[in-house]
Amino acid sequence: MYTDTTHPDQQPTIGVDAAPLEHYSAVQTETNQLIVYDEQNEDAWIQSDDWIDALTMA
């Protein structure tokens, strides 16, 4: 059984139709928070004090 939980308007995140992620960057602050931001849109950013490095999940 397969359930697709992707919203119909959302870009794919894997495969040949995946949205490119090259224009996103991240910086860790002195207080161990992570800020992920869009280099092309200064209003598009997320800040969190709770995060896990993606490489540890693989």
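View 1. His23 is placed in the segment before strand E1 (24-28); strands (E, at least two residues) and helices (H or I, at least four residues) are DSSP runs, numbered from the N terminus. The model is predicted: local features need pLDDT of at least 70, side-chain atom pairs count only at pLDDT 80 or more, and totals for chains, interfaces and linings use all residues. Residues are numbered from 1 along each chain as its sequence is written, and side-chain values use heavy atoms, with hydrogens and water left out. His23 counts as buried because its relative accessibility is 18%; buried means under 20% relative accessible area, exposed over 50%, and partly exposed in between (1.4 Å probe, protein chains only). Not counting residues up to four places away in sequence, His23 touches Tyr37, Asp38, Glu39 and Gln40, where contact means heavy atoms within 4.5 Å.

**View 2. The side-chain pair His23 and Asp38.** The side chains of His23 and Asp38 are joined by a polar contact of 2.7 Å. A polar contact is a pair of N or O atoms within 3.5 Å; within protein, one must be able to donate a hydrogen and the other to accept it, and residues adjacent in sequence count only if both atoms are side-chain atoms. Asp38 belongs to strand E2 and counts as buried because its relative accessibility is 11%. Leaving aside neighbours within four places in sequence, Asp38 is in contact with His23, Tyr24 and Ala44.

View 3. Strand E1 and strand E2 (residues 34-38) run antiparallel and are joined by 5 bridges; two strands pair if DSSP finds at least two bridges between them. Within this pairing, Ser25 stands opposite Tyr37 of E2. The two strands form a hairpin with 5 residues between them, and Asn32 in the turn has a positive phi of about 65°. Thr29 also lies in the loop between E1 and E2. With a relative accessible area of 24%, Thr29 is partly exposed. The side chains of Thr29 and Thr31 are joined by a polar contact of 3.1 Å. Thr29 and Gln47 are 18 residues apart along the chain, and their C-alpha atoms are separated by 9.9 Å.

**View 4. The hairpin of E2 and E3.** Strand E2 also pairs with strand E3 (residues 41-48), in an antiparallel arrangement with 5 bridges. This hairpin has 2 residues between its strands. Val36 has Ile46 of E3 as its bridge partner, while Leu34 stands opposite Ser48 of E3. Of the 8 residues of E3, the number buried is 0, so the strand lies largely in the open. Gln40 is located in the loop between E2 and E3 and is exposed, with a relative accessible area of 65%. Its C-alpha atom is separated by 6.7 Å from that of His23, the two residues being 17 residues apart along the chain.

**View 5. A nonpolar surface patch.** Tyr24, Val36 and Ile46 form a nonpolar patch on the surface, with about 280 Å² of accessible area together. Patches are made of residues with over 30% relative accessible area and no salt bridge, like charges being joined within 9 Å and nonpolar side chains (Val, Leu, Ile, Met, Phe, Trp, Tyr) within 5 Å. A salt bridge is a side-chain nitrogen of Lys or Arg within 4 Å of a carboxyl oxygen of Asp or Glu. Accessible areas come from the Shrake-Rupley method with a 1.4 Å probe; for residues, only the protein chains shown count as cover. Tyr24 lies in strand E1 and counts as partly exposed because its relative accessibility is 39%.

**View 6. The protein as context for the close-ups.** The secondary structure comes to 0 helices and 3 strands, which follow the pattern β-β-β along the sequence. Of the 58 residues of the protein, 7% count as buried. The protein exposes about 5,700 Å², of which carbon and sulfur atoms supply 52%. Among contacts with a separation of 6 or more, residues 24 or more positions apart account for 0%.
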